Protein chains: 2
Amino acid sequence: MQNRLVLTATVEREEDLRYTPAGIPVVQMWVRHQSRQTAGGFERDVACEIQAVLIGEDARRYAGKLAGNTVTLTGFLSQRSLKNPRLVLNIEYVEFVKG
Amino acid sequence: MQNRLVLTATVEREEDLRYTPAGIPVVQMWVRHQSRQTAGGFERDVACEIQAVLIGEDARRYAGKLAGNTVTLTGFLSQRSLKNPRLVLNIEYVEFVKG
């Protein structure tokens, strides 16, 4: 049951570090991707925006340092909640891309 | 500018094969994923649903054979259109998962 997204994107908005009731650090962000991709032999410009969430130690480490940066995010997709089907990228790794 | 999603999912709905004005075969589908994933050291149940589109020769090859099957889809994300930010998986490879 694979579920892995690798996305290079610019962090357009980063929320303040907060903690879950269980004390787990969480940073929410919105990222924008733009590139040129090929599918079925056809090349095209591609853009998308997705909410991404970083939890655990990396949330504390990177809080306040993400907005405005281009990053390659690796993680998995989920729907935001049982009632909200919007997709969220749950980040496992953050890599800063040199500008 | 990486943009790659690998997702194992069940094809819940598959539309009929159609052709773009330029004669390119296209199959639209909706797929549902469920798994258990770990982020930031925390394990959780994950579910999501996403529209996926297959174009080119593979659309013709797999048309009518997808619905109900579990497949691993490899491709890239885009927003559906300039006006519609909903995410779509543009499929580059389809692999049928044995049940």
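Biologist: Which residue in β5(A) is the bridge partner of A:Leu7?

Modeller: The model is predicted, with local features needing pLDDT of at least 70 and side-chain atom pairs counting only at pLDDT 80 or more, while totals for chains, interfaces and linings use all residues; side-chain values use heavy atoms, without hydrogens and water. Residues are numbered from 1 along each chain as its sequence is written, and chains are lettered from A and ligands numbered from 1 in the order in which they are written. Strands (E, at least two residues) and helices (H or I, at least four) are DSSP runs numbered from the N terminus, and β1(A) and β5(A) pair in the antiparallel sense over six bridges, where pairing takes at least two DSSP bridges between two strands. Within β5(A), A:Leu7 has as its bridge partner A:Leu73.

Biologist: How many bridges join β5(A) to β6(A)?

Modeller: Strand β6 of chain A covers residues 87-96 and runs antiparallel to β5(A). A:Phe76 stands opposite A:Asn90 in β6(A). The number of bridges joining β5(A) to β6(A) is nine.

Biologist: How many of the ten residues of β5(A) are buried?

Modeller: Buried means under 20% relative accessible area, exposed over 50% and partly exposed in between, with a 1.4 Å probe and protein chains only. Strand β5 of chain A, residues 70-79, is mostly covered. Of its ten residues, the buried ones number nine.

Biologist: Does A:His33 count as buried or exposed?

Modeller: A:His33 is found in strand β3 of chain A, residues 25-39. Its relative accessibility is 0%, so A:His33 counts as buried.

Biologist: With which side chain does the side chain of A:His33 make a polar contact?

Modeller: A polar contact is a pair of N or O atoms within 3.5 Å; within protein, one must be able to donate a hydrogen and the other to accept it, and residues adjacent in sequence count only if both atoms are side-chain atoms. The side chain of A:His33 reaches a backbone oxygen, that of A:Thr8, at 2.7 Å. Its polar contact with another side chain, at 2.7 Å, is with A:Ser35.

Biologist: Which residues of chain B is A:His33 in contact with?

Modeller: Contact means heavy atoms within 4.5 Å. Neighbours within four places in sequence are left aside, and the chain A contacts of A:His33 include A:Leu7, A:Val46 and A:Cys48. From chain B, the residues in contact with A:His33 are B:Met1, B:Gln2 and B:Asn3.

Biologist: What area is buried between chain A and chain B?

Modeller: 36 residues of chain A are in contact with 36 residues of chain B. Buried area is the accessible area (1.4 Å probe) that two parts lose on being put together, summed over both. Carbon and sulfur atoms give 62% of the area here, and the total is about 3,100 Å².

Biologist: Which three residues supply 18% of the area that chain A buries against chain B?

Modeller: These three supply more than any other three residues of chain A. They are A:Met1, A:Gln2 and A:Phe76.

Biologist: Which C-alpha of chain A is nearest the axis that relates the two copies?

Modeller: Copies are superposed by least squares on the C-alpha atoms of residues with pLDDT of at least 70 in both, and a rotation of 180 degrees with 0.0 Å of shift along its axis puts chain A on chain B at an RMSD of 0.0 Å. The two copies are therefore related as by a two-fold rotation axis. At 2.1 Å from that axis, the nearest C-alpha in chain A is that of A:Leu5.

Biologist: Is β3(B) largely enclosed or open?

Modeller: Strand β3 of chain B takes in residues 25-39 and pairs antiparallel with β4(B), residues 42-55, over 14 bridges. β1(B), residues 3-14, is also antiparallel to β3(B), through four bridges. Because eleven of the 15 residues of β3(B) are buried, the rest of the structure leaves this strand largely enclosed.

Biologist: Which residue takes a positive phi in the hairpin of β3(B) and β4(B)?

Modeller: The hairpin of β2(B) and β3(B) has five residues between the strands, and there B:Gly23 takes a positive phi near 85 degrees. In the hairpin of β3(B) and β4(B), two residues lie between the strands. The residue with positive phi there, near 60 degrees, is B:Gly40.

Biologist: What is the average pLDDT of chain A?

Modeller: pLDDT is the predictor's confidence in each residue, from 0 to 100. In chain A, confidence is lowest in β4(A), at a mean of 94, and highest in β1(A), at 98. 99% of the residues of chain A score at least 70, and the chain averages 95.
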